[in-house]
Amino acid sequence: MSFPQRRLADTPAVTTDQMREVDRLMIEDAGISLLQMMENAGRSLAAVVLARHPGASVTVLAGTGGNGGGGLVAARHLVNRGSQVSVAMSSDELSTVADLQLEIVKAMGVPTSAEPAFSDIIIDALVGYSLRGAPRGRTAELIDWANGAGAKVVALDVPSGLDSTTGETPGSAISAAATMTIALPKTGLADSERVGDLYLTDISVPQSVYEALGVPVPADLFAQGQVLALT
């Protein structure tokens, strides 16, 4: 399976603050829940992993918030497509939405642990665009583990540890073979060697949200498909 291609240079990008506003307006003005956004992102992430690495075993490294929740959704879809999947959590103190996704994968019998298992592919769903400063504690340890595991890493939204606005890495940061970013590319992804192959997925952001922010996004951005390969 291949994805339609689009030039990164021709695709609008957003900063961390702009993406935070996109999420807020989707929830408060458009009535699209965080759970719906997670489902769209996680399903697309699973599709990218399956397209690039059919039949591979997968370890999902999941954080405590929305990024981790998206990784857990991907775990569910991968299991339903026949993949061997395990999950390692960065903490047992989760947001409500991430905890819900974790309970679902547990009910499916997916192995979950604080310690990651070696596999062919690692999904990085530790930290999304909301990074503030260098990753710390268990999150930093899991980033370092992933970089040294000898497996290809597919990152959700941004490689954990990379500033989504500037592309800077104030501490430990994932070096990904591929990154699937959400809604629009983040400005910090364009020139970073840690991103790998870049994909973009639609999470059903209404055009009115971008218009409210003054971001010029073509109405037909995802006319060719829900996932685009940015070149």
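Analyst: What follows goes through the sheet, the helix packing and a salt bridge.

Analyst: This is a predicted model, in which local features need pLDDT of at least 70, side-chain atom pairs count only at pLDDT 80 or more, and totals for chains, interfaces and linings use all residues. Residues are numbered from 1 along each chain as its sequence is written, and side-chain values use heavy atoms, with hydrogens and water left out.

User: OK, what order do the strands take in the sheet?

Analyst: Nine strands make an open sheet with mixed pairing, in the order S1-S9-S8-S7-S6-S5-S2-S3-S4; strands are DSSP runs of E with at least two residues, helices are runs of H or I with at least four, and both are numbered from the N terminus. Two strands pair if DSSP finds at least two bridges between them.

User: And which strands stand at the edges?

Analyst: Strand S1 (5-6) and strand S4 (112-113) do, and each has a single partner strand, so one side of each is left without a neighbour in the sheet.

User: How many bridges join S2 to S3?

Analyst: Five bridges join S2 (residues 58-62) to S3 (residues 85-89), and these two strands run parallel; Ala62 has Met89 as its bridge partner in S3.

User: Switching to helices, at what angle do H3 and H4 pack?

Analyst: H3 (residues 66-80) and H4 (residues 96-107) pack at about 20 degrees with their axes 8 Å apart, where axes are lines fitted to C-alpha atoms, for helices over the stretch in contact, and angles run from 0 to 180 degrees between N-to-C directions. The two helices are therefore roughly parallel (angles under 35 degrees count as roughly parallel, over 145 as roughly antiparallel, 65 to 115 as roughly perpendicular and the rest as oblique).

User: Which residues of H3 and H4 make the contact?

Analyst: Gly69, Leu72, Val73, Ala75 and Arg76 of H3 meet Ala98, Gln101, Leu102, Ile104 and Val105 of H4, contact meaning heavy atoms within 4.5 Å.

User: What about H2 and H3, what is their angle?

Analyst: H2 and H3 pack at about 55 degrees, with their axes 7 Å apart, and that makes H2 oblique to H3. The H2 side of the contact includes Met38, Gly42 and Leu45, and the H3 side includes Gly66, Gly70 and His77.

User: Last topic, how many salt bridges does the structure hold?

Analyst: It holds 10 salt bridges, each a side-chain nitrogen of Lys or Arg within 4 Å of a carboxyl oxygen of Asp or Glu. One of them joins the side chains of Arg20 and Asp17 (2.9 Å, N to O), and both residues lie in helix H1 (residues 16-28), three residues apart, about one turn of the helix.
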